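Trainee: I have a structure to discuss. Please go through it with me.

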Amino acid sequence: MKLIVCENYEEMSEKAAEIIKEQVVKKPDSVLGFATGSTPVGTYDKLAEMYKKGELDMSGVTSFNLDEYYPISNDSDQSYHCFMERQLFGRVNITKDKINMLSGEAEDPSEECERYEERIEEAGGIDLQILGIGRNGHIGFNEPDTDLEAKTHLTELSSDTIEANSRFFENVDLVPTHALTMGISTIFKSKKIILLANGRSKLNAVRELFSEHITTKSPATMLKLHSDVTIICDYEAYSEASIGIDIGGMSVKIGVVENLKIIDKRIIDVTSGMTEKDLIAAITSVCAEMRKRYKANRIGIGVPGIIDENGVTSANLPFKDCKLDEIMSRALGVTVKIENDANCAALGEQAAGAGKGMRNVLMVTLGTGIGGGIIIDGKIYSGKGNAGEIGHMRIMPDGKLCKCGKHGCWERYASVSALIEMMERAAAEHPDSILADAAKDSINGKTLFKAMDMGCDTAKHVFDEYIGYLAAGIDILVSVLDPELILIAGGISRENEKIIKPLSERIGGAVPIKVAELKSDAGIIGAALL
Ligand code: F6R
């Protein structure tokens with residue numbers, strides 16, 4: 001099978017129309033097999049345009065349509081007779097008496113099907129058959145679990161097809177339950193076949209086409225045995241790969257994510273002299289390459305800072321009111337979504353990490369400040385745009401001054417920077433303590449745990465005080481959000497049980513608390529899921 005993956009529906013329709021035109025130019029009396037449904041409408045539009053411009057002459061063409069509902073009045077609006085007249089036959093110069101369609105009004109459906117098979121044979125067989133594909137893998141109306149050797153026949157439509165096609169009817173009860181359709185063996189006799197598929201709903205059916213097996217569960221898989229089949233589809237129907245970008249102050253991590261796994265990853269260093277333009281150009285160029293290679297058509301970005309209607313503004317990056325999503329979307333020709341990086345990390349953990357299987361998760365990232373990501377019912381909760389700034393919850397009225405200008409913000413007490421401040425103060429007050437000794441050379445989160453392991457009471461005091469502050473904020477968040485799970489991320493979370501156990505005890509075991517699992521991959525996966 002040949003595969004042509006197109007950027008979008010428009011390109012898919014153009015490619016298909018070109019192949020049909022080529023066929024008709026090469027053999028003006030070609031026998032063409034047509035399909036109905038939404039998929040070929042764009043192709044028929046292109047053929048009509050070509051005809052209008054004098055580039056295509058279909059006067060010699062004989063046509064056979066794949067199928068028709070049964071029973072249905074041939075002049076009813078929903079019949080495929082009317083559909084074809086509207087979409088193609090009324091817009092090109094195919095001679096009326098060379099148009100063949102199964103009749104929804106036939107008294108004896110078996111006779112009608114036999115007549116149809118004979119007519120196809122008399123016409124010398126179909127030169128080029130155009131197919132769509134049902135989301136359940138049907139071609140024509142050959143539904144899953146039907147006879148793969150059948151000729152044209154009367155068939156019962158599956159509930160999935162009835163549901164999918166109900167969009168053309170006033171309500172689902174009006175969709176005919178049966179249809180007359182060319183059988184797989186009829187389709188198979190066509191000399192050349194093009195199968196068109198667009199949109200995410202066809203992804204599984206197209207995947208089956210490229211799997212190793214042939215199965216009645218997905219009748220289109222039979223086409224693998226045909227010697228001249230071309231699949232023309234758009235990215236949506238072909239690939240689930242998406243690109244997740246996690247922008248940080250030091251580096252930008254770009255990953256291709258498929259089935260919640262990172263299958264390729266690149267890192268761009270953010271250097272001090274980089275301008276907004278430089279950084280966007282570097283990210284865009286990697287994305288363009290990955291997009292091409294993996295047929296990835298969705299891009300999500302996680303970025304630190306404020307995102308509002310003016311764009312992104314990040315303290316540690318050269319972004320000031322930067323419409324990053326719009327710029328990248330224009331450059332790459334795809335929709336680009338943007339979110340706060342902590343929210344993306346929370347989404348990644350909820351979907352693929354420690355929060356898998358949970359719908360309501362709160363992630364707390366402890367670092368220089370405190371970042372938060374709130375996932376409610378499987379989705380990021382961003383409020384008016386910037387929810388999740390949990391580090392700036394005021395837990396202490398008239399408390400320490402925060403860099404945001406407020407007093408008593410949670411991150412002034414429970415971030416790693418706050419912990420270091422507490423350790424420095426304690427070391428100064430207890431110069432003979434193990435902690436003071438351990439802190440002599442350098443001081444970081446680990447110093448405290450090292451001193452505690454050596455039996456230092458001063459360190460234990462600091463830790464208890466710190467856990468108290470951490471629990472105070474978490475307590476508030478649990479009361480407000482009632483999450484199923486709280487995830488702790490950030491360097492300090494490496495201490496795992498040493499933090500999780502006392503923290504859980506402090507909040508009275510109200511909610512399970514775990515350490516996040518995906519580390520720096522969480523942001524990429526979450527961004528890709530946007
Ligand atoms: C229509 C036909 C069907 C459709 C399929 C996809 O003649 O034979 O197999 O091709 O149901 O329908 P759309 O294009 O509407 O998604």
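Trainee: How do the residues lining the largest cavity divide into nonpolar, polar and charged?

Mentor: Seven are nonpolar, one is polar and none is charged. Here Ala, Val, Leu, Ile, Met, Phe, Trp, Tyr, Cys and Pro count as nonpolar, Asp, Glu, Lys and Arg as charged, and the others, Gly among them, as polar. Please note that this is a predicted model, in which local features need pLDDT of at least 70 and side-chain atom pairs count only at pLDDT 80 or more, while totals for chains, interfaces and linings use all residues. Residues are numbered from 1 along each chain as its sequence is written, and side-chain values use heavy atoms, with hydrogens and water left out.

Trainee: Which residues line the largest cavity?

Mentor: The lining consists of N360, V361, L362, I374, I375, I376, L481 and P483. Strand β19 (370-376) contributes the most, with three residues, and β18 (361-366) also supplies at least two. Strands (E, at least two residues) and helices (H or I, at least four) are DSSP runs, numbered from the N terminus.

Trainee: What volume does the largest cavity have?

Mentor: Its volume is about 30 Å³, and the count is one cavity of 30 Å³ or more. On a 1 Å grid over the protein atoms alone, a cavity is a set of points where a 1.4 Å probe fits but cannot get out, whereas a pocket is an open set with protein on both sides within 12 Å along at least five of seven lines; lining residues have an atom within 4 Å of a point. Grid points are joined across faces, edges and corners, and a volume is the space filled by probe spheres set on the points.

Trainee: And the largest pocket: what is its volume?

Mentor: The largest pocket has a volume of about 1,600 Å³. Of its 45 lining residues, P304, D341, A342, T365 and G371 are the closest to the centre. The lining divides into 16 nonpolar, 20 polar and nine charged residues.

Trainee: Which element gives the most to that pocket lining?

Mentor: Helix α11 does, with four residues. Other elements giving two or more include β18, β19 and α18.

Trainee: Is T284 buried or exposed?

Mentor: T284 is buried, because its relative accessibility is 13%. It sits in helix α9 (276-294). Beyond its neighbours within four places in sequence, T284 is in contact (heavy atoms within 4.5 Å) with M328, A331 and L332.

Trainee: Changing topic, how many disulfides are there?

Mentor: The search of the whole structure finds zero, a disulfide being a pair of cysteine sulfur atoms within 2.5 Å.

Trainee: How much relative accessibility does C322 have?

Mentor: C322 has 1%, so it counts as buried.

Trainee: Last point: which residues does the UniProt domain annotation cover?

Mentor: The unreviewed UniProt entry gives "domain: Glucosamine/galactosamine-6-phosphate isomerase" for residues 10-227. Such positions are given in the numbering used here, feature names are shortened, and annotations may be inferred rather than shown by experiment. In the model, the span is 33% helix and 15% strand, and its end C-alpha atoms lie 27 Å apart.

Notes
Buried < 20%, exposed > 50% of the residue type's maximum accessible area, 1.4 Å probe, protein only.
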